[in-house]
Structure formats: structure tokens, C-alpha cells
Amino acid sequence: MNIEPKPASVAARAEEVDTVNRQARYAKVDRAFAVLLVIQWAAGIAAALWLSPFAWAGKEKVLHVHVWLAVLGGGGIVLLPILLAIFRPGWVVTRHVIAASQMLSSALLIHLTGGRIETHFHVFGSLAFLAFYLDWTVLITATLVVAADHFLRGIYWPESVYGIANPEWWRFLEHAGWVAFCDTWLIWGCVLGRREAKAAAMRQAEVEHLTEQEQLKSAALQMALAEMTA
Amino acid sequence: MKRPILIAAFTLAGAVWVVTVAAAVRSIRAFESTPGRAAAAPERWPSSSAIARQPGTWTLVMLVHPHCSCSRASVAELAAIVEKAPRNVRTYVLAYRPHEFGEAWSRSDVWTAARRIPRVQVLTDVDAREAKRFGAFTSGQTFLFDPDGNRRYSGGVTLLRGHAGLNSGRAEVIRLVNGGKGPGAHPVFGCAIVSKEAP
């Protein structure tokens, strides 16, 4: 059986199909994250109003700082990524800003719920959502934001991250280790996903090429038949 | 949208983004790390207190504002202390209530959480009379008195405002109530039990 080498046009077409599909995915996930960020913003406000609506002094009450933080801080965090998702979907900067904002939203939600361990699951859920891009570099951006948050707060405000004022020096590595554990599998999943997407694009280009060849053969045959009958 | 307008919008949004994150971290740090007013605590059990101290036993007292969301963490820490303390320690949580409000006013989730702790009596502190006798100003203020009625601890039992978790205040109370030496103290984090204008 002879295997004919693929013409350069097939490889070029596969690249073209892959680029179009990839951009469509990036834009779709950008828009999904824009919706998610708004939902998270609303959830943060709801959590603040439910858990700590007021700060008290005897009979007097004032709006709790957590409510202001949820409204203004949460709004500020989601403003740029939402604008980018609307006006520049699919742009490389858009998804990296979204990745950073998603992790900042995690940090905000953790704070609004009083540092609950359960809210820390949001970090790992967010990494899984970011893997939908099939672009492993956004996971690195997200991880760097988490690492920077832990590193800086570990130096200047350790009790807010670790619950104690003088954590062991390796505490940072323990937290980062779990994120790296999650990242390792998600990055592998992204690489596999991209390979499969490229293979699918190549198959589509080949099918298009074969269909084109068959259409040319069919046209030539019809012409030959027409000449014979004339 | 025209390119210059888009660039200006993104630049502005980027600046808002950076400023917001910095301002949020700064404000939350200031809020959570600033302790409340420390107690002017008496050296011995206040004789004017309506609580009948049982001589010969340790007594632990926590004063809370029932609507102070930060005090959920203080009550959670109290539960951890009670678990590690000898069973005969008498523990009281005094929940503030202004006289013009009914009993239902003080029945908050902080109250419910305190009621769930074994061997803890939750009492209402009308108009913060007991808080004044103990010299307490901030919700979460905790006192430990030894079997002779001497104050051995005065302070909070959380590391930050509204943050439960291991901290030196909690550890100190557990150490003292189990026979540790010396007096103990720790900053207290929470809402003010009475307003500044109150007498």
C-alpha cells in the first residue's frame, strides 16, 4: 500500500483550522469567565451581607467593612477582565488577566468567609476551570498570583494566611505544593487536549483535501464521458 | 469602538484593578489587625458581679456582643479551650443586651454557638453591667480566674478579628487552666460591647 505524502497545502489548512478553533475556544471561555466573575462578585456581596452585614458598638451599627470590600474590592477586581472579555475576547492578555482576577476573587471570597478552609477549595476549582482554555500558560499566571499572595502575606502578615504569627519556613512550600500537584495534572491535560485538537484539525484538512480530489476526479470523469457520448 | 478609546478604557480599568487590590489588602489588614480596647480588668474577681463564683474552682468568663460577626471566631476558640480544660472549670459567656430590646435580640448565631459548647452557661448581660464590673470593652474579651479568685488571664482568644485558628491567646488560657505559671494576656479583637457615648 502506498502512502502518499501530505501536500503542504494540507498542513497549512490544518494549521488554519486549528488556529480558528483555538481562537473560538479562547473567546468562548473568556465570555464564560466574564459571566462567572460577575456571579462570584454577586456571591461575595451576598456572603458579606449574610455573614457580617454590620459592625457593632453597643446598640449602634454601621455597615461592615466586609460589605464595602465585597462591593468595591470585588467590583474593582472584575472590571478589567470583564471589559477585556467583551471587547477583546480571545486575546492572550485577556485570558491571563482573567486567570489573575479569578485567583484574586478566590482570595477575596476566602477573606469574606473568615478564612474558612472550605472556601480554599475555590482556588482548586478555579485552576480546573482555567484548564478549559487548554493553554497551560494561564495556569502558570494563576499559580504565580497565588504564590505571590502567599509569599508577600507570609512575610508581612503571616497570621492572615497560616493562622499563626510565626509559621515554619516550609509552610509556604506546603501550600504551593498542593497547587503544583493540581497544576501538574491540569497542564498534562492541556497538552493532551491541544494534541487532540491539532490531530482533529489535521483530520479535517485531510478530509477536505480528499473531498476536493474526489470532486476533481468526478469532474474529469464527467468531462470524459461527455466527450465519448458527443 | 475606536482604538484610542479602547486603550484609554483598558488603561483606566487596569489602574482601577491595581489600586483596588492594593486598597483592599490595606483596608482589610487595618480592620483585622487592629485590636479592640483592652480591658481595665480587676486583679480579683469583682465582688459586685451577679455571677456567683464557686471558690476552689477555676472560672472562665467571655463577654460578647451577640451581633458581632467577628465573635463567632472567639466562641469557636472558646469551644477549643473548653475541650482542653479540666471538666470542673466553670465557664460563662455573657451576651450583651440593651434593656430596651427583648430577649430575642441577643439570640443570635453567636449566642447559639456558645450554647452548643458543653459545660458553658450563656447569660444575658443587660446594658453591659457585668462588662463594666469586669472592665471589658470589646466583644470576645476573656478572663480566667484561679480557684482563689485571682485574675490569671485577660485578653482575646483569636489572632485577628474574625479569624479562628491556633493562636497564643487560646494556647495561653489552656496552659494556665491546666496549672501553668504566671499571668497571661493577649490583644482582643472584636466589636465594641458598648458605644463610645454610653456612660
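User: What makes the charged end of A:Arg95 sit over the ring of A:Tyr26?

Analyst: This is a predicted model. The charged end of A:Arg95 is 3.6 Å from the centre of the A:Tyr26 ring. The distance cut-off is 6 Å, and the charge must also be within 35 degrees of the ring normal. The pair is listed as a charge over a ring.

User: Which ring does A:Lys61 lie over?

Analyst: The ring of A:Phe54. A:Lys61 is 4.4 Å from that ring centre, and the limit is 6 Å.

User: Why is the pair of A:Phe54 and A:Trp56 called edge-to-face?

Analyst: Look at the angle. The planes are at 85 degrees, with the centres 6.5 Å apart. Planes over 60 degrees apart count as edge-to-face, so the label follows. Over all chains, the count is 14 aromatic pairs.

User: Why is the pair of B:Phe134 and B:Phe143 called stacked?

Analyst: Its planes are at 25 degrees and its ring centres 5.6 Å apart. Stacked needs planes under 30 degrees apart, so the pair qualifies. Both B:Phe134 and B:Phe143 are buried.

User: Is A:Trp56 buried or exposed, and how do you know?

Analyst: A:Trp56 is buried, at 12% relative accessibility. The cut-off for buried is under 20%. A:Phe54 has a relative accessible area of 27%, so it is partly exposed.

User: Which residues form one aromatic cluster with A:Phe54 and A:Trp56?

Analyst: B:Tyr96, B:Phe101 and B:Trp105.

User: What makes A:Lys59 and B:Glu100 a salt bridge?

Analyst: Their closest N and O atoms are 2.6 Å apart. The limit is 4 Å, so the pair counts. The count between chain A and chain B is one salt bridge. Eight residue pairs there are in polar contact.

User: Which element gives the largest share of the side of chain A that touches chain B?

Analyst: H2(A), with 13 residues.

User: How many residues are in contact between chain A and chain B?

Analyst: Chain A has 39 residues in contact with 41 of chain B. The area buried between the two chains is about 3100 Å². Carbon and sulfur atoms give 70% of that area.

User: Which three residues supply more of the area that chain A buries against chain B than any other three?

Analyst: A:Trp56, A:Lys59 and A:Trp157, which supply 21% of that area.

Notes. Residues are numbered from 1 along each chain as its sequence is written. Chains are lettered from A and ligands numbered from 1 in the order in which they are written. This is a predicted model: local features need pLDDT of at least 70, side-chain atom pairs count only at pLDDT 80 or more; totals for chains, interfaces and linings use all residues. Side-chain values use heavy atoms; hydrogens and water are left out. Rings of Phe, Tyr and Trp (its six-membered ring) pair if their centres lie within 6.5 Å; planes under 30 degrees apart count as stacked, over 60 as edge-to-face and the rest as tilted. Buried means under 20% relative accessible area, exposed over 50%, partly exposed in between (1.4 Å probe, protein chains only). Contact means heavy atoms within 4.5 Å. Buried area is the accessible area (1.4 Å probe) that two parts lose on being put together, summed over both. A salt bridge is a side-chain nitrogen of Lys or Arg within 4 Å of a carboxyl oxygen of Asp or Glu. A polar contact is a pair of N or O atoms within 3.5 Å; within protein, one must be able to donate a hydrogen and the other to accept it, and residues adjacent in sequence count only if both atoms are side-chain atoms. Helices (H or I, at least four residues) and strands (E, at least two) are DSSP runs, numbered from the N terminus.
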